[in-house]
Structures are given as C-alpha cells and as structure tokens.
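The following note sets out points for a colleague to check against the coordinates. Each point may be read on its own.

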2 protein chains.
Amino acid sequence: MKVTIKDIAKEAGVSITTVSRVLNNKPDVSDNTKEEVQKVINRLGYNPNGVARGLVLKKTYTIGLIIPDISNPFFPEVARGIEDKAKELGYSVIFCNTDNNKEEEREAIELMRSKQVDGMILSLSIGNKEELHKLAKANFPVVQIDRKIPEVELPAVTINNKTSAYQITSYLIELGHTKLAHIAGDLATKTARDRLSGFRQAIDEFGLEYSDNWVLKGDYSKESGYKLMTTLLEQSQRPTAVFMANDLMAIGAYGAVFDSGLKVPEDISIVGHDDIDIASAIRPGLTTIMQPKYKLGMTAAEILIKRINESNFIGDDVILKPKLQIRSSTKEWQANA
Amino acid sequence: MKVTIKDIAKEAGVSITTVSRVLNNKPDVSDNTKEEVQKVINRLGYNPNGVARGLVLKKTYTIGLIIPDISNPFFPEVARGIEDKAKELGYSVIFCNTDNNKEEEREAIELMRSKQVDGMILSLSIGNKEELHKLAKANFPVVQIDRKIPEVELPAVTINNKTSAYQITSYLIELGHTKLAHIAGDLATKTARDRLSGFRQAIDEFGLEYSDNWVLKGDYSKESGYKLMTTLLEQSQRPTAVFMANDLMAIGAYGAVFDSGLKVPEDISIVGHDDIDIASAIRPGLTTIMQPKYKLGMTAAEILIKRINESNFIGDDVILKPKLQIRSSTKEWQANA
DNA sequence: GTGAAAGCGCTAACAT
DNA sequence: ATGTTAGCGCTTTCAC
C-alpha cells in the first residue's frame, strides 16, 4: 500500500494538518515538530498524492499540448521549449497528436479538460473555430502556437508566415527568377494559407505572371513534395525556382529533381521553410526561412502559465522574427535569349 | 463554475449515484432515466472530472514517458508510437526530458509518481540502477525503452545494439577496410557501450589491429561528431572507415570530412546508426542501422498497459530486429601497395 | 431501479 | 503551535 499523509501523521504522532503544513512549508509549525515530521516522511519514503491535492486545489500543475504530429521535425524542438519552460515553472506537460484531424482535435481538447489540465497549448487545423470559441468563452487558459486560427481571441505565438513567404519569394525574384512555382502545404492549416498568400503577393507586386499550373497543393509531407515536384517538372513550361511550403517537402523535391536528371540549383532553385535540422545537413544546403522553434515553445509556455496564474492577464499575440537562411539551393538566373 | 455531477443530478432530479451509473454505463438504470440524464448531460455540456475519478479509482489512465531529449531525432518517432498505442488503449502520456542527467531522471520519476501515473516508459542513463530497483520492488509498472539498464529486472524493448554494431562493422570489414575507427556515443548510456563493444568484437574476430587513437568518446550530438571526426582526420595515421555511434554524429562527421577537403566515401567511408530521417536525405546517403523506432514505441506502450491491467503479467524483454541499410557513404577499399 | 452515506488523500477554514 | 472539521467530485457499498 502506498503511504499517505495519514500514515505520516500517525507515525509522527501529530495531526494530518500538521503534516500538510510541513509538506507545504506553511508557517505555524514549531521547528521541532517540523523536523520530526520531516524525518518520518523521509523514513517512510512518502510522496504526496498529486491527484488528491489537485482535487482540492483545483489545480494540477499540468498543461496540455496538442499538436499535429510530434514526429514532424518541426515540432520536437517546440515541444522541448515548452517542456523546459514548463518544468522551470513547476508544470508538467501531457501531449497528444492529432494529424490535423478535426475530430481528433476535438477529442484531445475534451480529454485534456477532463484531465483538468490548467491550460493548453494548441496547434490546430483551421476547421476548429468552434472548439476554440468555447474555450475562450469558458475563459480557459489557452495559447495557440505556430498557427493562429483567424477570428479567435486566444493569444498566439507565431511568426508571420505571409511575410516570411513574401520575403523568400522576393529573394528568388531578386535572383532574377521570373518563372516561380509554389507547392503549398496542407491548406487546412493557417500557415499553409499564409505562405501561399505571401507567395502570391510577391508575384503580384513584382508583376510576374501567375499560373495555376505552378501552384500545387501538397500536405507538408516529404512524399507529397516528391510527387508534386515530379508533376511540376513534367509540365511543358518549367519554372526556374520553386518555393516549397516547408523543408520536408523540399527534401522530397530534391529527390524528384535528382530523379529527373536535373540539378539543384543549376537547373532549378528550390527553397523551403522552417529550417529543420535536415536543411543544413543536405547538399546543396537548403535556402529556407529559419523559425525560432525552441523559442516559440518557450514563449508559449511562459505566456500560458502567466495566464494561468494571473486571472487578469490576457496574453497578447507574440510574433517572433524568422530569418532568411541563404544556402546553396538557390542561384542567380539569367533569362537566356 | 464548472458543472459537476451534482449539478446534473439536481437538474435531472435524480441522485448523483444514478448519474454516475449512466456515466459509466452501469446496469440498474431504467432506460427512461438514463435517457433523461443523458439529455441533461448534453445540455449542460458536462465533462466528468478525471482527477476526482482518479482519486477514488486509484487510476489515472495516464502513463509517464521519460526520455533524454525529444528534440533528438531518434525519439519523436518512438514517442509517436507510444502515444498512438496509448491513445488506442485509453491512456494519455505525460513526458519529460532529462538530457541523460541522473538527477533530472530521479526528479522526473518522483514527479510522475506523485502525479499518480499508472506506469512509466523510461529511457535512462546507466547511472540510475537504484531508482529502477525501487520501482521494481514497489511492483510499479515500468518498461524500459531503447536502453536496458543491466541487472534490473524490468522489461525492456530494445534492439541488440552490440549485434547491430557488430553487423555494420563487419560490413565495413567485408568491404576491404582494415583501418577502422569508432566514435562512441555518450558512454553514460547502455546503447553507446553496447555499440562500442560490438565494434571491438568485430575488430577482434577479424583479427584487425585495435588502436585507442581510433576510438573516440562522443556524446551523440552532431557537434561532437564534427569535432571528433576532425580530431581523427588530423592524426598521422588515418582510418579508411569509421563507425559513428549514431546518425546525428555521422552528419557532423560529414561536415568535418568536407571541411578537410576530403570526400565520402572516396577517401573515407562513414556509417551511422538509427536511420533517422536525415540519413536518407543527405548525399551521399548514409549507410546505417535502421531501428524500428515507431514499433519500439508501440510495443513498449502495449506491454506497459498490459502490465498495468494484468497484475500477474510480467512483461518479457522484447528485442526488435534492426536492419543494415546500405546507401552510398561506404565503398570497397583496396589497400594500395 | 434508486438513493444515502462513506471515503479516496489532501488543503483550508476555524477552533482551541 | 496544533487539531477538528468540512469538502474537493467522484465511485461504491449497502439499504430500501
């Protein structure tokens, strides 16, 4: 049987209140009894029952983390940032993968709530406005990460994906490219939509022609990157540069280019987004947008926990700065006569 | 205020016992009242308090996952396997990073226990026998993953790292290499020790000479791979092939070779271990040992939960099969006169 | 078929 | 400085 506060009380010859007092470092215990009780606690190897404590305190010191997929290389670092900050502030994290599936997301949120987490960090598909509205209305502590669902008043920690997409597309254009393609991410996500929209903005502003044939809809996976890049290369009119909506798809694209007997960047420039580990490891190094993933996580956890502990604190959106990371997958392009 | 079982009872005009009965699908409720109660539950959006339930049931339907670092590319996939299986069986997972730090590990275990997890999946450094012994003695459900601490009677889901190291070293030898080096992982881990020992066994069995200069102690990080490979290359006698204890270090080694103006595999063959995503994405593709990471996770979760639910079940060790994954970072070697 | 009461392990008034 | 009591939200005897 596990040893409880009662056992300690009996063994030490005091009331459970007194034990509780020394457990929580409350005043009003004589040094003597405190010491005595502490000894018994150590001797019996007592470990307070957090569940019981949680029930009376209405606080579990646990936060929920709901993300699409921990095995997508973007998320482990943000998860690490979250866990580090949470631990620092005395919280644990319970996590759940949803694959951007609306129903999974709903269930995950419900589950977390029934587990009485003190707050949640969410990266949801775009379909789940209602769920978020409910949480907001219930005044439940939530911070969104990576993706901010539009029209939802919950704070978010993100980068500006439209800007980053605009920036990297502009970079391609400044290199002399005029035939640009984009392979979009899962358009059920806000990030994919924003990146697409940043791409189009750049195309428009620089007065380049826009072709539906050169904007393909992927799903952020390596496989879809490979497949869609293959499709792109099979077209009669080939772009000279392509913006892949994330690095994972860019990796897939490398393979497709290679398999077509072409070369990056000589025949086609490729850029990605996120700067996951692989981006700097592959050759040619992938030009991409670096997202401060760890910091994204740290910041989200920090805001969430502040929100949990200060009822009058409503977190603001935090928009972190990404950075254009130029490597070797891009080169200047001269239109030849 | 959150709605409780009491509110439902009052609103439906029944006792809380009855509400509890319909909540848990117990018999002895008339179809009529059941339906009535269910209606109220839906109307009020009631969500049972898992903490209260956990207190009386002494069961939280939560398992703990303690690993060195979720942002090490080896772990996300195993974490995903664990979460998938856990979810399937009705459990959630709460996770914690320890960086192979003994004290962090101790604290994490204690934390999990105070949170009353039903069981834990652990990947610990080798220093923590005592902690594991305590858990074993307390008959607390635990399964080890990736690394089995020696002399501890808790089931483990692993591959045989000595065998895999032996296998990949033999492959190098069969290619004609006779000057082999090994850059070990963090020797505070069982895996690193086993891989080193498999390497030495191959060296011994094939009667190759062994030099301490060619066995360097890394820590599984990319940076240490780069640094130690540089050290290796600076030596007067250079090996022609090196077994890096994991893929991450192998990536670092690629950089070191490149920066020395040498080429993989023409000047030096390199192999890794684990087959993380990057291994197949980089050029030349990294010859390595593929670990069934997702399955490792699935299996561990399955055993753990079975162990939780069947008091007489003691899980056996499961040793999964790795696979030699030959790519282009290795080539035959002819000793030239 | 239904409800009253006890109790899970703890904290927090409220005495004393 | 210490103890008594109530109660957190739920499940489970036990009685009716």
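In which loop of chain B is Asn139(B) found? The first point answers this, and the others follow; the model under review is a predicted one.

1. Asn139(B). This residue sits in the loop that runs between helix H7 (129–137) and strand S4 (142–145) of chain B. The phi angle of Asn139(B) is near 60°, a positive value in a residue other than glycine. Most residues other than glycine have a negative phi. With a relative accessible area of 48%, Asn139(B) is partly exposed.

2. Tyr220(A). A positive phi is also found at Tyr220(A), where the angle is near 75°. Tyr220(A) belongs to the loop between strand S7 (215–217) and helix H10 (222–234) of chain A. The relative accessibility of Tyr220(A) is 9%, so this residue counts as buried, the limit being under 20%.

3. Cis peptide bonds in chain A. Most peptide bonds are trans. The bond joining Val264(A) and Pro265(A) is cis, with omega about 5°, and Pro265(A) lies in the loop between helix H11 (247–259) and strand S9 (269–271) of chain A. The bond from Arg283(A) to Pro284(A) is also cis, with omega near -10°. Pro284(A) is placed in the loop between helix H12 (277–281) and strand S10 (288–290) of chain A.

4. Surroundings of Met120(B). Met120(B) is part of strand S3 (residues 119–122) of chain B and is buried, with a relative accessible area of 0%. Leaving aside residues up to four places away in sequence, Met120(B) touches several residues, among them Gly64(B), Ile109(B), Met112(B), Leu135(B) and Leu304(B). Its contacts also include Phe140(B), Pro141(B), Val142(B) and Val143(B). Between Met120(B) and Gln144(B) there are 8.3 Å from C-alpha to C-alpha, and the two are 24 residues apart in sequence.

5. Surface near DNA strand D. In total, 27 residues surround DNA strand D, and the closest are Thr17(A), Arg21(A), Lys58(A), Ile5(B) and Tyr46(B). By class, the residues of this surface comprise eleven nonpolar, ten polar and six charged. At least two residues each come from helix H2 (16–23) and helix H4 (50–57) of chain A, and from helix H1 (5–12), helix H2 (16–23) and helix H4 (50–57) of chain B. The most is given by H4(B), with four residues.

6. Atoms of DNA strand D that face the protein. Sugar or phosphate accounts for 68% of the atoms of DNA strand D within 4 Å of the protein, and bases for the rest. A polar side-chain atom of Lys58(A) is 2.6 Å from a sugar or linking oxygen. At Val56(A), a polar backbone atom lies 3.4 Å from a base oxygen of DNA strand D.

7. Relation of the two chains.

8. Domains of chain A. The assignment gives domain 1 (5–43), domain 2 (55–159 + 293–321) and domain 3 (161–291). The C-alpha centres of domain 1 and domain 3 of chain A are 64 Å apart.

Terms used. Residues numbered from 1 in each chain as written. Chains lettered and ligands numbered in written order. Predicted model: local features only at pLDDT ≥ 70, side-chain atom pairs only at ≥ 80, totals over all residues. Heavy atoms only, no water. Near = heavy atom within 4 Å. Polar contact = N/O pair within 3.5 Å; in protein donor to acceptor, adjacent residues only side chain to side chain. Nonpolar A, V, L, I, M, F, W, Y, C, P; charged D, E, K, R; others polar. Domains from an automatic or database assignment. Buried < 20%, exposed > 50% of the residue type's maximum accessible area, 1.4 Å probe, protein only. Contact = heavy atoms within 4.5 Å.
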